[in-house]
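Here's a quick tour of one model, taken a residue and a helix at a time. Have the viewer open and follow along.

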Amino acid sequence: MRRATADDLPFLRTLARRLTAFDGLTTRDPEAIVTSSEETLTDAVERSLLGAPAVAVLVAESGAGEPLGCALVQQNSEYFTGEAEAYVAVLAVTETAERRGVGRALMESAEGWALEHGLSRLALEVFAANHGARSFYRRLGYVEDSLRLVKLL
């Protein structure tokens, strides 16, 4: 596990597509998700490289140095209380890294980052139709805290 560098940007951009690798997106354009995620990861790496203390892009690697996944964790304000919390904006692993413990290791690193920054709460969002991811987070001890409803007009 290590912090992302500018050299990781091409890999991170390819991971953005993994955020739509499930069936059931109903109200979102997958290409818009990919584009936005690419921009979010690029911005986060740039802010981190400039020394911003409230953001980290973590990269998981194999023993041979092959990148396998990433997590973007940052300090955020909880919507209802305004309290500082850690927020995982992106978690993605390569298709070959699925079910190999890479996602778990990235989440453990994100939790460690949060604790190092004095944050006792870690939040994230997941698409309702992404049943695999929802099950993964439940196994890690995450609970559903709110439900966002959307109506296309």
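Which residues does R3 touch, leaving out those up to four places away in sequence? Keep in mind that this is a predicted model. The partners of R3 are D8, S48, V55, A56, V57, L58 and W113. R3 itself sits in strand 1, residues 2–3. With a relative accessibility of 40%, R3 counts as partly exposed. For a sense of scale, take Y79: R3 and Y79 are 76 residues apart in sequence, and their C-alpha atoms are 28 Å apart in space.

Now for T94, in the loop between strand 4 and helix 3 (102–116). Is T94 buried or exposed? T94 counts as buried, because its relative accessibility is 15% and the cut-off for buried is under 20%. Again leaving out residues up to four places away in sequence, T94 touches F11, L15, R18, P67 and L68.

Here are the two residues side by side:

Next up is helix 1. Its buried residues are L9, F11, L12, L15 and A16. Seen down the helix axis, the buried residues of helix 1 fall within an arc of 160°, so they line one face. As a reminder, an α-helix has 3.6 residues a turn, so residues three or four places apart point the same way. On the face of helix 1 turned away from the buried side you'll find P10 and T14, which are exposed. What covers those buried residues? The cover includes helix 2, strand 2 (55–61), strand 3 (67–77) and strand 4 (84–93).

That brings us to the helix pair. Two packed helices are described by the angle between their axes and the distance between the axes. For helix 1 (residues 9–16) and helix 2 (residues 30–49), the axes come within 8 Å and cross at roughly 150°. That makes helix 1 roughly antiparallel to helix 2, since angles over 145 degrees count that way. The crossing of helix 1 past helix 2 is right-handed.

And who meets whom? From helix 1 come L9, L12, R13 and A16, and they meet V34, S37, E38, L41, T42 and V45 of helix 2. Sorted by class, this contact between helix 1 and helix 2 has 6 nonpolar, 2 polar and 2 charged residues.

Notes
Residues numbered from 1 in each chain as written. Predicted model: local features only at pLDDT ≥ 70, side-chain atom pairs only at ≥ 80, totals over all residues. Heavy atoms only, no water. Axes fitted to C-alpha atoms, helices over the stretch in contact; angles between N-to-C directions. Helix = DSSP H or I, 4+ residues; strand = E, 2+ residues; numbered from the N terminus. Parallel < 35°, antiparallel > 145°, perpendicular 65-115°, else oblique. Left-handed = near helix turned anticlockwise from the far one by under 90°. Contact = heavy atoms within 4.5 Å. Nonpolar A, V, L, I, M, F, W, Y, C, P; charged D, E, K, R; others polar. Buried < 20%, exposed > 50% of the residue type's maximum accessible area, 1.4 Å probe, protein only. Arc of directions from axis to C-beta.
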